[in-house]
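Subject: structure handover

Hi,

Here is the structure I promised to pass on.

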Amino acid sequence: MTTKHAWSTQHVPPRLRVEFWRTVSQSARTPVTPHVPVPHAFQARLAAQGLGDLALNHVRVDTAHDVEHTLRDVACTGMPCLLVDMYLAGQGHVAQAGSDMLSRLGEPFVLDDRRTYRLDHAAPVSLLALVVPRAAIDLPAATWERVAARRLPRGPALQILARQMRVIGTWPQALSPREAAPLADLLAGTVQAVLQSAADDDSPAARRERSLLRRHVQRFIARHYGDPGLGPMAAAHDLGLPVRLLHACLAREGTGFGAELLAYRLERAHGLLRGAPLGSRTLHDVAYRCGFASVAQFAQAFRQRFGLSPRRLLRAEWARLLAYECVAEGPVHVA
């Protein structure tokens, strides 16, 4: 599914809003039973972005309320899923399976939709809820119990996941199938990296294995960086890995395939511009050789990375070479 749907209680009669919201939560694959102190004042909106088997919901509720994932709701969940929630505004008291915590702004946490849970809100909130099928995460069943409604390690993988959720969850348009498929793999891989961080002891052997994988990815990029269509699928196939595992391993290192590819392309482009003989290079040549789709895309990324435009660097390099040639020729003597 790659559609985008939106629901609001704004035009629903006040006496029907709570039940309407319960129906909406089922349609968005996060079934809950709302508990609202003042039902007639209840105002809420939900935008759901489909990402293949995954879904990312943006929920905004303007009044105090609680929601409970009851046994009745558990029966409506369909395929077993993990819920990765992150508050953008406000705070929730989270409870599941004997664990409870207060949410932190902008910090994801995990719930298991096969068990009951409760989220209590004393004030208005805005949050993102990522729905990930358990089949997309290659981890032992015992891991879910250790991470549900608990603090997750504040490592690079968690920060990457938070940024990914924020960008995709607030994207204004529906994503095309071509866009959604790699994003679903990316999100699932990052979720797996976060859960692995919470579940294992991060032994030296595991760190060495991830570091070795990153070097393999970098060598693959060095061979193929000029291909404008190069993506993680090709790297995963070359390494004999599932693409989600590739994403997970790189996320544990605080990076991603796209970041590694862009970094290599920019460093290569910088080297080509610095070593360019006078008049021998154009920005189009460099952008094309380094795999960029356009000169504009190349120039923007280059400026963000190095703090100056590639055109300015090229002109400075030519000026330096011209000055060097003038000095090498020595003074001109007129007879």
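This is a predicted model: local features need pLDDT of at least 70, side-chain atom pairs count only at pLDDT 80 or more; totals for chains, interfaces and linings use all residues.

Let me start in the strands: A6 stands opposite A47 in strand 3.

Residues are numbered from 1 along each chain as its sequence is written, and side-chain values use heavy atoms, with hydrogens and water left out.

Back to strand 3. Strand 1 (residues 4-8) runs antiparallel to strand 3, and five bridges join them; two strands count as paired if DSSP finds at least two bridges between them. Strand 3 also pairs with strand 4, again in the antiparallel sense, over eight bridges. Strands 3 and 4 form a hairpin with two residues between them, and G52 in the turn has a positive phi of about 65°. Seven of the eight residues of strand 3 are buried, so the strand is largely enclosed by the rest of the structure. For burial I used relative accessible area: buried is under 20%, exposed is over 50%, and partly exposed is in between (1.4 Å probe, protein chains only).

Then there is an open sheet of five strands, in the order 2-5-10-7-8 with antiparallel pairing. Strand 2 (33-35) and strand 8 stand at its edges with a single partner strand each, so one side of each has no neighbour in the sheet. On average, neighbouring strands of this sheet are turned by 15° against each other, direction ignored. (Axes are lines fitted to C-alpha atoms, for helices over the stretch in contact, and angles run from 0 to 180 degrees between N-to-C directions.) Strand 8 pairs with strand 7 (residues 93-96) in the antiparallel sense over four bridges, and A95 stands opposite D100 in strand 8.

S99 lies in strand 8 too. S99 is buried, with a relative accessible area of 9%. Leaving aside neighbours within four places in sequence, S99 is in contact (heavy atoms within 4.5 Å) with V94, A148, A149 and R150.

On to the charges. I called a salt bridge wherever a side-chain nitrogen of Lys or Arg comes within 4 Å of a carboxyl oxygen of Asp or Glu, and the count comes to 12 salt bridges.

- R45 and D62 meet at 3.1 Å, N to O. The pair links distant parts of the chain, 17 residues apart: R45 is in strand 3 (residues 44-51), and D62 is in the loop between strand 4 (54-61) and strand 5 (65-69). R45 is partly exposed at 29% relative accessible area, and D62 is partly exposed at 38%.
- R154 and E107 have their closest N and O atoms 2.8 Å apart. This pair also links distant parts of the chain, 47 residues apart, with R154 in the loop between helix 3 (141-147) and helix 4 (156-169) and E107 in the loop between strand 8 (99-102) and strand 9 (109-112). R154 is exposed at 58%, whereas E107 is buried at 11%.
- R118 and D120 form a salt bridge with the closest N and O atoms 2.7 Å apart. Salt bridges that share partners join D66, E68, R118 and D120 into one network. R118 counts as partly exposed at 30%, as does D120 at 25%.

Last, the aromatics. Rings of Phe, Tyr and Trp (its six-membered ring) pair if their centres lie within 6.5 Å; planes under 30 degrees apart count as stacked, over 60 as edge-to-face and the rest as tilted. That rule gives six aromatic pairs. One of them is F298 with F302, edge-to-face at 5.6 Å centre to centre and 70° between the planes. Both residues lie in helix 11 (residues 295-306), four residues apart, about one turn of the helix, and both F298 and F302 are buried. The rings of F302 and F306 have centres 4.7 Å apart and planes at 50°, so that pair is tilted. F302 has 0% relative accessibility, while F306 is partly exposed at 24%. F292, F298, F302 and F306 form one aromatic cluster.

Cheers
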